[in-house]
Each structure stands twice: as structure tokens, then as C-alpha cells.
Amino acid sequence: MRLSLFTHDILLLLAGPVVWAVHFLAIYGFTGIVCARPVAHLGWLGIGLGSWGVGLAGLVAIAALAASLRVRPRTEEPHNSRFVRWVSVGLGLLAVVAIVWETLSIFLVPGC
């Protein structure tokens with residue numbers, strides 16, 4: 001299935017906020033489940049299971065955003081293409097800042 005030009009460019013624009021939102025829901029859902037179960041005290045190298053999960057989710061989200069930066073807009077107008085590119089990169093970088101901010105919590109507070 002091939003997306004229309006408009007759908008492709010809108011998805012490209014919203015890639016950063018969507019990846020951030022999925023990351024946000026994933027880490028809080030995962031932490032809630034891990035902390036509610038007896039496995040909350042399991043860990044490796046002195047770091048709990050919840051912290052490992054949050055850290056891994058942060059790396060996966062940043063990798064997904066880096067992959068989205070390789071996608072080019074498909075609009076035919078050069079001005080629109082530049083606009084879509086700059087906005088998608090800006091929102092992607094803002095999402096990276098938010099993901100790093102959320103992931104820093106594993107170093108500052110206990111998971112459960």
C-alpha cells in the first residue's frame with residue numbers, strides 16, 4: 001500500500017511526537033507492571049529490572065527517531081519540502097530531549 005503525498009508528509013511531521021508518546025506510555029506501563037509484581041527486586045549489575053526496561057526503551061525510541069530523520073518529504077514543491085524537513089527535524093529533536101529527560105529518572109530515583 002502506497003501512502004499519498006499528504007499522508008506521508010504528515011506522518012513524517014508527527015514522527016517525533018508519536019515516538020515520544022509511545023515511549024512515554026511504554027515506560028510508565030512497564031514500570032507499573034514491574035513494580036506490581038515480585039520481579040521488581042530482580043536486577044543485574046545493581047540496576048533493577050524496571051530501570052533496565054526504561055533505559056532500553058529510551059535507546060529504542062532514539063533509534064526510531066534517528067531512522068525517521070533519514071526519510072525525505074515527498075511533496076513536489078521545494079518550499080514545502082524544506083518546511084516539512086525542518087519541522088520534522090525540530091520536532092524530532094524536541095522529542096529526543098523529552099525522551100532523554102524521562103530516561104534520566106533511572107539515575108535519580110528508585111524505580112519502585
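How many residues does α3 have, and how far does α3 reach from its first C-alpha to its last? I get 20 residues and 29 Å, close to the 28 Å expected at 1.5 Å a residue. The expected span is 1.5 Å times one less than the number of residues in the helix.

Ground rules before I go on. This is a predicted model, where local features need pLDDT of at least 70 and side-chain atom pairs count only at pLDDT 80 or more, while totals for chains, interfaces and linings use all residues. Residues are numbered from 1 along each chain as its sequence is written, and side-chain values use heavy atoms, with hydrogens and water left out.

**Overall layout.** I looked up the elements and found five helices and two strands. From the N terminus they run α-α-β-β-α-α-α. Helices (H or I, at least four residues) and strands (E, at least two) are DSSP runs, numbered from the N terminus. The protein has 112 residues, and 27% of them count as buried. Buried is under 20% relative accessible area, exposed is over 50%, and partly exposed is in between (1.4 Å probe, protein chains only).

**Back to α3.** I listed its buried residues: Gly50, Ser51, Gly53, Val54, Gly55, Gly58, Ala61, Leu65 and Ser68. I also noted that an α-helix has 3.6 residues a turn, so residues three or four places apart point the same way. Ser68 lies in this helix, which covers residues 49-68. Is Ser68 buried or exposed? Ser68 counts as buried because its relative accessible area is 18%. Leaving aside neighbours within four places in sequence, Ser68 is in contact (heavy atoms within 4.5 Å) with Leu12 and Ala15.

**The core.** Which residues form the largest nonpolar core? I found five: Val19, Ala61, Leu65, Ala95 and Ile99. Such a core is a set of buried Ala, Val, Leu, Ile, Met, Phe, Trp, Tyr and Cys residues joined through side-chain atoms within 4.5 Å. Both α3 and α4 supply at least two residues each. I then checked Ile99, which touches Val19, Trp20, His23, Gly58, Ala61, Ile62 and Leu65, not counting residues up to four places away in sequence.

**One last stop.** Where does Leu104 lie? I found Leu104 in the loop between α4 and α5. Leu104 counts as partly exposed because its relative accessibility is 38%.
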